[in-house]
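The sequence and the structure come first, and my entries come after them.

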Amino acid sequence: MWPFSRKPVVPVLRFTGPIGMVTPLRPGLSIAGVAGAIEKAFDLSKLPSVAVLINSPGGSPVQSNLIFKRIRALAEEKKKKVYVFCEDVAASGGYFLAIAGDEVYADPSSIIG
(Lines give C-alpha, C1' and ligand atoms only; values in the text may rest on other atoms or scores of the structure.)
Protein backbone atom coordinates (compact mmCIF):
# COMPACT_ATOMS: atom_id res chain seq x y z
CA MET A 1 0.00 0.00 0.00
CA TRP A 2 3.03 2.32 -0.10
CA PRO A 3 1.85 4.72 -2.81
CA PHE A 4 -1.57 5.08 -1.19
CA SER A 5 -0.71 5.31 2.49
CA ARG A 6 -0.32 8.80 3.84
CA LYS A 7 1.12 9.78 7.18
CA PRO A 8 -0.17 12.81 9.08
CA VAL A 9 1.52 16.07 8.17
CA VAL A 10 1.71 18.99 10.60
CA PRO A 11 1.55 22.41 8.93
CA VAL A 12 4.64 24.53 9.62
CA LEU A 13 4.82 28.32 9.65
CA ARG A 14 8.37 29.68 9.32
CA PHE A 15 8.95 33.24 10.56
CA THR A 16 12.46 34.32 9.62
CA GLY A 17 13.96 37.79 9.59
CA PRO A 18 13.10 41.17 11.05
CA ILE A 19 9.49 42.03 11.85
CA GLY A 20 8.14 45.06 10.03
CA MET A 21 10.61 47.14 8.01
CA VAL A 22 9.35 45.66 4.74
CA THR A 23 10.82 47.05 1.51
CA PRO A 24 11.52 45.37 -1.82
CA LEU A 25 15.23 45.17 -1.02
CA ARG A 26 14.80 44.31 2.66
CA PRO A 27 12.10 41.71 3.19
CA GLY A 28 10.63 41.36 6.64
CA LEU A 29 7.63 39.91 8.41
CA SER A 30 4.32 41.77 8.45
CA ILE A 31 0.74 40.70 8.97
CA ALA A 32 0.02 41.51 5.32
CA GLY A 33 2.80 39.19 4.19
CA VAL A 34 2.05 36.25 6.48
CA ALA A 35 -1.75 36.35 6.97
CA GLY A 36 -2.42 34.02 4.04
CA ALA A 37 0.12 31.46 5.22
CA ILE A 38 -1.28 31.56 8.76
CA GLU A 39 -4.84 31.02 7.47
CA LYS A 40 -3.72 28.16 5.24
CA ALA A 41 -1.78 26.44 8.03
CA PHE A 42 -4.80 26.40 10.30
CA ASP A 43 -7.17 25.28 7.51
CA LEU A 44 -4.84 22.79 5.84
CA SER A 45 -4.82 19.86 8.19
CA LYS A 46 -7.30 17.94 10.26
CA LEU A 47 -4.54 17.40 12.82
CA PRO A 48 -5.03 19.25 16.10
CA SER A 49 -1.79 21.24 15.87
CA VAL A 50 0.30 23.75 13.94
CA ALA A 51 4.07 24.19 14.27
CA VAL A 52 5.77 27.58 14.17
CA LEU A 53 9.52 28.00 13.61
CA ILE A 54 10.97 31.36 14.64
CA ASN A 55 14.33 32.86 13.78
CA SER A 56 13.86 36.60 14.24
CA PRO A 57 15.72 39.39 16.01
CA GLY A 58 12.42 41.24 16.40
CA GLY A 59 11.35 44.58 15.04
CA SER A 60 8.00 46.34 14.94
CA PRO A 61 5.93 45.84 18.10
CA VAL A 62 2.72 46.58 16.17
CA GLN A 63 3.38 43.94 13.50
CA SER A 64 4.48 41.45 16.18
CA ASN A 65 1.21 42.02 18.04
CA LEU A 66 -0.91 41.67 14.90
CA ILE A 67 0.75 38.37 13.95
CA PHE A 68 0.51 37.13 17.56
CA LYS A 69 -3.22 37.96 17.77
CA ARG A 70 -3.98 36.28 14.43
CA ILE A 71 -2.24 33.05 15.48
CA ARG A 72 -4.04 32.97 18.85
CA ALA A 73 -7.43 33.81 17.30
CA LEU A 74 -7.18 30.97 14.77
CA ALA A 75 -5.84 28.54 17.38
CA GLU A 76 -8.89 29.19 19.56
CA GLU A 77 -11.34 29.24 16.66
CA LYS A 78 -10.04 26.00 15.11
CA LYS A 79 -9.25 24.41 18.51
CA LYS A 80 -5.63 23.66 17.57
CA LYS A 81 -2.52 23.67 19.70
CA VAL A 82 0.42 25.78 18.57
CA TYR A 83 3.92 24.40 19.07
CA VAL A 84 6.70 26.97 18.71
CA PHE A 85 10.31 26.10 17.97
CA CYS A 86 12.87 28.88 18.43
CA GLU A 87 15.92 28.47 16.25
CA ASP A 88 18.96 30.79 16.56
CA VAL A 89 17.19 33.95 17.73
CA ALA A 90 13.77 34.80 19.12
CA ALA A 91 14.43 38.24 20.55
CA SER A 92 12.14 41.18 21.14
CA GLY A 93 9.26 40.79 18.64
CA GLY A 94 10.47 37.26 17.86
CA TYR A 95 9.96 36.40 21.52
CA PHE A 96 6.51 37.99 21.35
CA LEU A 97 5.67 35.65 18.46
CA ALA A 98 7.00 32.70 20.47
CA ILE A 99 4.57 33.28 23.31
CA ALA A 100 1.71 32.75 20.85
CA GLY A 101 2.45 29.05 21.28
CA ASP A 102 0.84 26.67 23.73
CA GLU A 103 4.26 25.07 24.09
CA VAL A 104 7.62 26.67 23.27
CA TYR A 105 10.86 24.80 22.57
CA ALA A 106 14.33 26.27 22.20
CA ASP A 107 17.88 25.01 22.02
CA PRO A 108 19.98 25.93 25.09
CA SER A 109 22.19 28.00 22.76
CA SER A 110 19.33 30.01 21.25
CA ILE A 111 19.11 33.72 22.03
CA ILE A 112 15.70 34.18 23.61
CA GLY A 113 14.09 37.25 25.17
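These entries go from the strands to the aromatic rings, the surface and the charged pairs.

**Before starting**

I noted that this is a predicted model, in which local features need pLDDT of at least 70 and side-chain atom pairs count only at pLDDT 80 or more, while totals for chains, interfaces and linings use all residues. I also noted that residues are numbered from 1 along each chain as its sequence is written, and that side-chain values use heavy atoms, with hydrogens and water left out.

**Entry 1: the strands around S3**

As one example of a bridge, I found Ala 51 with Tyr 83 in S3 as its partner. Between S2 and S3 the chain passes through helix H2, residues 61-78, in a right-handed β-α-β crossover. I checked what the word asks for: with the strands pointing away from the viewer, the path from the first strand over the helix to the second has to run clockwise.

I then followed S3 to strand S4, residues 103-106, which runs parallel to S3 and is joined to it by four bridges. Here Cys 86 stands opposite Ala 106 of S4. The way from S3 to S4 leads through helix H3, residues 93-98, and this β-α-β crossover is right-handed. S3 also runs parallel to strand S5, residues 111-112, with two bridges between them, and Ala 90 stands opposite Ile 112 in S5.

**Entry 2: a pair of rings**

How many aromatic pairs does a search of the whole structure find? I found two, counting rings of Phe, Tyr and Trp (its six-membered ring) whose centres lie within 6.5 Å, with planes under 30 degrees apart called stacked, over 60 edge-to-face and the rest tilted. One of the pairs is Phe 85 with Tyr 105, which is stacked, at 5.4 Å centre to centre and 15 degrees between the planes. Because Phe 85 belongs to strand S3 and Tyr 105 to strand S4, this pair ties together parts that are 20 residues apart in sequence. Phe 85 is partly exposed at 35%, and Tyr 105 is partly exposed at 39%.

I picked Ala 37, which is found in helix H1, residues 31-44, and counts as partly exposed at 42% relative accessibility. Ala 37 lies 24 residues from Leu 13 in sequence, yet their C-alpha atoms are 7.2 Å apart in space. I also looked at Tyr 95, which lies in helix H3 and is partly exposed at 39% relative accessibility.

**Entry 3: charged side chains**

I counted a salt bridge wherever a side-chain nitrogen of Lys or Arg is within 4 Å of a carboxyl oxygen of Asp or Glu, and the count comes to six. Glu 39 and Arg 70 form one of them, at 2.2 Å from N to O. Since Glu 39 lies in helix H1 and Arg 70 in helix H2, the pair ties together parts 31 residues apart in sequence. Glu 39 is partly exposed at 28%, and Arg 70 is partly exposed at 27%.

Which residues are linked in a network of salt bridges? I found Asp 43, Glu 77 and Lys 78. Between Lys 78 and Asp 43, the closest N and O atoms are 2.7 Å apart, and this pair links distant parts of the chain, Lys 78 in helix H2 and Asp 43 in helix H1, 35 residues apart. Lys 78 also forms a salt bridge with Glu 77, with the closest N and O atoms 4.0 Å apart. In accessibility, Lys 78 is partly exposed at 32% and Asp 43 partly exposed at 46%, whereas Glu 77 is exposed at 53%.

Definitions and conventions. Pairing = 2+ DSSP bridges. Buried < 20%, exposed > 50% of the residue type's maximum accessible area, 1.4 Å probe, protein only.
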